[in-house]
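Hello,

I am passing a structure on to you, and I would ask you to keep it open beside this email while you read.

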Amino acid sequence: MPHPAHATDVTHRLVPAPAGRIHLVEQGTGPLVLLVHGFPECWYSWRHQLPALAAAGYRAVAVDVRGYGRSSRPDALDAYRMLELVADNVAVVDALGERSAVIVGHDWGATIAATTALLHPDVFHAVGLLSVPYTPPGGPKPSEAFARMGGPEEFYVSYFQRPGRAEAEIEPDVRGWLAGFYAALSADTMPGPGAPDPHFVTHGGTLRDRFPAGHLPSWLAESDLDVYAGEFERTGMTGALNRYRNMDRDWADLADHNGAPLTQPALFLGGALDASTTWLADAIKAYPTTLPGLRSSNLLDGCGHWIQQERPQETNRLLTDWLAALPEVA
């Protein structure tokens with residue numbers, strides 16, 4: 001049986017979008033399920049979901065987000081604002097000849113998916129969020145909030161803000177950096193309780209200083225790492241990092257939607273050992289108000305951040321069960 005990422009019935013295509021082009025990978029026929037990856041990944045993070053969704057009767061489409069992989073990488077920093085990424089998703093649905101879709105995202109992709117569904121409920125009739133909970137637009141200005149998080153250290157989101165700074169750390173050894181970053185947030189390789197937190201940087205230090213070394217997570221084969229490293233060695237990291245550099249711009253762009261609930265039928269899956277779910281526990285508690293259409297919510301014990309790769313079978317089962325229970329769309 002072929003590896004799912006290289007199955008013979010997977011189709012790669014480039015479609016027109018406001019970015020210029022979006023690269024996507026497609027498998028199966030049926031209702032459209034659009035899969036949106038996070039940082040620092042690409043369409044390949046959904047390699048286990050594409051065949052499972054296709055087998056369950058869906059047209060599964062995993063995109064390379066603008067700035068990643070074979071999708072366009074505009075030069076302008078503000079080309080990576082949330083409103084632009086939302087427009088890309090709408091354009092993908094249209095380019096595929098569809099009128100509606102379910103959108104599912106992981107990590108930054110979860111926030112992109114949630115915002116896309118919030119702004120275009122006419123197109124996106126259900127939304128699945130993996131690892132990063134829904135928080136309505138609004139609240140304090142992101143740069144100010146993140147600056148307060150580190151105390152004497154610097155939170156990684158703040159560290160990523162200045163163009164070129166994180167690139168200088170990552171790009172001399174993309175493969176090694178990615179291996180360490182994936183390991184730092186994986187259940188079986190993350191630093192233990194009491195170890196220095198890899199989400200923070202010491203004054204004058206780098207993120208990599210706190211990454212585990214020497215062991216890949218069990219979900220990440222050398223060949224998988226080759227795929228990710230090959231993409232970022234070719235493209236560089238700036239397109240991916242520019243997402244972080246637009247958070248204040250997004251905060252202003254979405255001000256008219258401050259506090260808005262996401263009302264479509266929703267799914268949330270998180271890892272119990274993932275900082276994204278523990279730090280944002282209050283966001284999960286607020287779901288009756290902020291995500292009133294929530295139909296399936298699961299925290300997977302012993303799971304870290306890379307949920308659909310760490311626990312593919314469980315993720316596939318929960319995802320397909322949720323999809324099967326969604327109302328038909330005319």
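Let us begin with helix 7, whose buried residues are Val174, Trp177, Leu178, Ala179, Gly180, Phe181, Tyr182, Ala183 and Ala184. Here buried stands for a relative accessible area under 20%, exposed for one over 50%, and partly exposed for what lies in between, with a 1.4 Å probe and protein chains only. Helices (H or I, at least four residues) and strands (E, at least two) are DSSP runs, numbered from the N terminus. Please bear in mind that this is a predicted model, in which local features need a pLDDT of at least 70 and side-chain atom pairs count only at pLDDT 80 or more, while totals for chains, interfaces and linings use all residues. Residues are numbered from 1 along each chain as its sequence is written, and side-chain values rest on heavy atoms, with hydrogens and water left out.

Helix 7 is largely enclosed by the rest of the structure, because nine of its 11 residues are buried. Those buried residues pack against helix 6 (165–170) and helix 8, where contact means heavy atoms within 4.5 Å.

Are the two partners buried or exposed? Trp177 is buried, with a relative accessible area of 0%, and Phe211 likewise counts as buried, at 9% relative accessibility.

Helix 8 itself, which covers residues 222–235, includes Thr235. Thr235 counts as buried because its relative accessible area is 14%, and if residues up to four places away in sequence are not counted, Thr235 touches Gly69 and Arg73.

Now please turn to helix 3 (residues 108–119), which has 12 residues and reaches 17 Å from its first C-alpha to its last, close to the 16 Å expected at 1.5 Å a residue; that expected span is 1.5 Å times one less than the number of residues. Helix 3 is mostly covered, with 10 of its 12 residues buried, and among these are Trp108, Ile112, Thr115 and Leu118. Which elements do the buried residues of helix 3 pack against? They pack against strand 3 (32–36), helix 2 (82–95), strand 5 (101–106), strand 6 (124–130) and helix 10 (247–253).

Most residues other than glycine have a negative phi, and most peptide bonds are trans.

- Asp107 has a phi near 60°, a positive value in a residue other than glycine; Asp107 sits in the loop between strand 5 and helix 3 and is buried, with a relative accessible area of 10%.
- Ser131, again a residue other than glycine with a positive phi, has a value near 80°; Ser131 lies in the loop between strand 6 and helix 4 and counts as buried at 0% relative accessibility.
- The peptide bond from Phe39 to Pro40 is cis, with omega near -10°, and Pro40 lies in the loop between strand 3 and helix 1 (49–55).

Lastly, there is Glu26, which has its place in strand 2 (residues 20–27). Once its neighbours within four places in sequence are left aside, Glu26 is in contact with Asp9, Val10, Thr11, Arg13, Arg59, Ala60, Val61 and Leu96. The C-alpha atoms of Glu26 and Pro51, which are 25 residues apart along the chain, are separated by 9.5 Å.

With best wishes
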